[in-house]
Amino acid sequence: MKFTGSTSLSREQLRADFDQARSLGQVRLGEHCVYFQKFSGTYALLYGRIFRAWVRQEEVRANLCCGRANFDQFYLMVQEEGGAVCRGQVLSKETGRACLDRIRAENPGTLIAPPDRL
């Protein structure tokens, strides 16, 4: 598996942490890192490097053969210290909140709010 991101962990440590990590959709919460799974690989972000985190809800409107359907998708949004933002789909709003709780527990200094609210 290809890991990207700037961490101080070795490839073996990342692999072990990823293997035991809790899967919450396209996001996995490990002991040391949050993992964002993409087609091109997995982005690893240490909890200590997270500056801000929030859950984003997006409404999806789909045209189906039997009519129109509306449903919501939820994303964990994480901003790194350098300003880059990572986005990973989670299974539900509750799952996203569980991610925020874990991030806050691992890094109490993390802001838990979207940029436009602080």
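**Entry 1: the F3/F18 rings**

I looked up F3 and F18, and both are buried (under 20% relative accessible area; exposed is over 50%, partly exposed in between; 1.4 Å probe, protein chains only). The model is predicted: local features need pLDDT of at least 70, side-chain atom pairs count only at pLDDT 80 or more, and totals for chains, interfaces and linings use all residues. Residues are numbered from 1 along each chain as its sequence is written, and side-chain values use heavy atoms, with hydrogens and water left out.

I then listed the aromatic pairs and got three. The rule takes rings of Phe, Tyr and Trp (its six-membered ring) with centres within 6.5 Å; planes under 30 degrees apart are stacked, over 60 edge-to-face, the rest tilted. F3 and F18 make an edge-to-face pair, at 5.8 Å centre to centre and 75° between the planes. This pair links distant parts of the chain. F3 lies in strand β1 (residues 3–4), F18 in helix α1 (residues 11–20), and 15 residues separate them. Ring pairs also bring in Y35, giving a cluster of F3, F18 and Y35.

**Entry 2: Y35**

Buried or exposed? Y35 is buried, because its relative accessible area is 0%. I listed its contacts (heavy atoms within 4.5 Å), not counting residues up to four places away in sequence. Y35 touches F3, L14, D17, F18, A21, Q26, V27, R28, G30, T42, Y43 and A44. For a distance check I took C65, 30 residues from Y35 along the chain. Their C-alpha atoms are separated by 37 Å.

**Entry 3: T42**

T42 sits in strand β5. T42 counts as buried because its relative accessibility is 4%. Leaving aside neighbours within four places in sequence, T42 is in contact with M1, K2, F3, T4, F18, Y35, F36 and Q37. That list includes F3, F18 and Y35, the members of the ring cluster.

**Entry 4: fold and totals**

I counted two helices and nine strands in the protein chain. These are DSSP runs numbered from the N terminus, H or I of at least four residues for helices and E of at least two for strands. From the N terminus on, the order is β-α-β-β-β-β-β-β-β-α-β. The C-alpha trace spans about 50 × 35 × 20 Å along its principal axes. The chain has 118 residues, and 40% of them count as buried. Among contacts with a separation of 6 or more, 47% join residues 24 or more positions apart.

**Entry 5: the cores**

Which residues of the largest nonpolar core touch the most other members? They are V27, V34, I50, L76, V78 and I103, out of 17 residues. A nonpolar core here is a set of buried Ala, Val, Leu, Ile, Met, Phe, Trp, Tyr and Cys residues joined through side-chain atoms within 4.5 Å. At least two residues of this core come from each of β3 (27–29), β4 (33–38), β6 (50–64), β7 (67–80), β8 (85–90) and α2 (93–106). A second, separate core has nine residues, including L9, L14, F18 and Y35.

I checked L76 in more detail. Beyond its neighbours within four places in sequence, L76 contacts V27, V34, F36, W54, C86, R87, G88, V90, C99, L100 and I103.

M77 is found in strand β7. M77 is buried, with a relative accessible area of 6%. Apart from neighbours within four places in sequence, M77 is in contact with R52, A53, W54, R56, V85, C86 and R87. The C-alpha atoms of M77 and Q26 are 12 Å apart, at 51 residues along the chain.

T95 is found in helix α2. T95 counts as buried because its relative accessibility is 13%. With neighbours within four places in sequence set aside, T95 is in contact with L24 and V90.

**Entry 6: R49**

Where is R49? R49 is in the loop between β5 (41–46) and β6. R49 counts as partly exposed because its relative accessibility is 24%. Leaving aside neighbours within four places in sequence, R49 is in contact with S6, Q79, E80 and E81. I also took the C-alpha separation of R49 and T110, which is 9.0 Å at 61 residues apart along the chain.
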